[in-house]
Amino acid sequence: MKTPQQNIEAGIYPLTRLPPLDFPPCGRSAPSEEACRTLWDAYEMPEHIRAHSAQVAHFSVILADLAIKRGAAVRVEDVRACALLHDIAKSYTLRHGGSHAQLGAVWALAETGHAGIAQGILHHVYWPWPLREETLCTLPILVLYADKRTQHEKFVTLEERFADLVVRYGIYEQARQGIEMSQRQAVSIERALSARLGVELDAHTPDSGRLVKRA
């Protein structure tokens, strides 16, 4: 029987009702950075979202490189493409409604045929299942965490990022609950990734292809 908190979570993030999905490795090549930027044009992505996506990609690739050094089977090119495309539907859904993660995943799958990239976009807001060791250093979690550390085009702490999200999107109680749940999950991911990668992520920020101590 679900706890009250689990019922709230399932109401805000319906995918939590589903069993965990294990996607097999995708044999299809990820689109290049140039191809992703062409899709930005095709879907009329605003400049500020392009700048944000580029920064999320920068951070995601650093995390992917660290994960590979620790033995994770993750492909940098897949992570980069997913990060570049993770907000491809953001502007559309702000104007017309709907989930930018769900619509973006559909658009990305239609354009690239890459199920792994679509999965990462679908779950970049919230990972709907318990964190497991085997899913920690994977494309969806790496892009999700990098996105949570990137406010607009600036790298910030989780506390700063979620304070901004509450101001911009916490208009209704359900929205605030969703943001709070997402923050709790992001903190858990940060701790687990820090242990897995051997880096105190909360004390570092990405710069020039590496992580450096925050000032």
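Ala 192 is partly exposed, with a relative accessible area of 27%; buried means under 20% relative accessible area, exposed over 50%, and partly exposed in between, with a 1.4 Å probe and protein chains only. This residue is found in helix α11, where helices (H or I, at least four residues) and strands (E, at least two) are DSSP runs numbered from the N terminus. From C-alpha to C-alpha, Ala 192 and Phe 59 are 17 Å apart in space, and they are 133 residues apart in sequence. The model is a predicted one, in which local features need pLDDT of at least 70 and side-chain atom pairs count only at pLDDT 80 or more, while totals for chains, interfaces and linings use all residues. Residues are numbered from 1 along each chain as its sequence is written, and side-chain values use heavy atoms, with hydrogens and water left out.

Gln 185 is also found in helix α11. Its relative accessible area is 10%, so Gln 185 is buried. Not counting residues up to four places away in sequence, Gln 185 touches Tyr 126, Trp 127 and Leu 144; contact means heavy atoms within 4.5 Å.

## The largest nonpolar core

In soluble globular proteins, nonpolar side chains tend to be buried together. The largest nonpolar core here has 54 residues, and those with the most contacts inside it are Leu 63, Tyr 145 and Leu 193. Such a core is a set of buried Ala, Val, Leu, Ile, Met, Phe, Trp, Tyr and Cys residues joined through side-chain atoms within 4.5 Å. The elements that give two or more residues to this core are α2 (33-42), α3 (47-69), α4 (76-85), α6 (100-112), α7 (115-122), α9 (139-148), α10 (158-169) and α11 (173-197). Helix α3 supplies the largest share, nine residues.

When residues up to four places away in sequence are not counted, Leu 63 touches Leu 142, Tyr 145, Ala 146, Leu 197 and Leu 201.

Two packed helices are described by the angle between their axes and the distance between the axes. For α9 and α11, the angle is about 115° and the axes lie 10 Å apart; axes are lines fitted to C-alpha atoms, for helices over the stretch in contact, and angles run from 0 to 180 degrees between N-to-C directions. This angle makes α9 roughly perpendicular to α11, given that angles under 35 degrees count as roughly parallel, over 145 as roughly antiparallel, 65 to 115 as roughly perpendicular and the rest as oblique. The crossing of α9 and α11 is left-handed, a term used if the near helix is turned anticlockwise from the far one by less than a right angle, with right-handed used if clockwise. On the α9 side the contact is made by Ile 141, Leu 142, Leu 144, Tyr 145 and Lys 148, and on the α11 side by Ser 182, Gln 185, Ala 186, Ile 189, Glu 190 and Leu 193. Seven of these contact residues are nonpolar, two polar and two charged; Ala, Val, Leu, Ile, Met, Phe, Trp, Tyr, Cys and Pro count as nonpolar, Asp, Glu, Lys and Arg as charged, and the others, Gly among them, as polar.

The axes of α3 and α9 come within 8 Å and cross at roughly 130°, which makes α3 oblique to α9. Their crossing is right-handed. Helix α3 contributes His 52, Val 56, Phe 59, Ser 60, Leu 63 and Ala 64 to the contact, and α9 contributes Leu 142, Val 143, Tyr 145, Ala 146 and Asp 147. This contact comprises eight nonpolar residues, two polar and one charged.

Helix α7 is mostly covered, with six of its eight residues buried. These are Gly 116, Ile 117, Ala 118, Gln 119, Gly 120 and Ile 121. Their cover includes α4, α6 and α9.

The axes of α6 and α7 come within 8 Å and cross at roughly 170°, which makes α6 roughly antiparallel to α7. The crossing of α6 and α7 is right-handed. Residues Ala 101, Gln 102, Gly 104, Ala 105, Ala 108 and Leu 109 in α6 meet Ala 115, Ala 118, Ile 121 and Leu 122 in α7. Of these, eight are nonpolar, two are polar and none is charged.

## Residues with positive phi

Most residues other than glycine have a negative phi, and most peptide bonds are trans. Glu 44 is not a glycine, yet has a positive phi of about 50°. Glu 44 is found in the loop between α2 and α3 and is exposed, with a relative accessible area of 62%.

Ser 208 likewise has a positive phi, near 50°, in a residue other than glycine. Ser 208 lies in the loop between β3 (204-207) and β4 (210-213), and counts as exposed at 61% relative accessibility.
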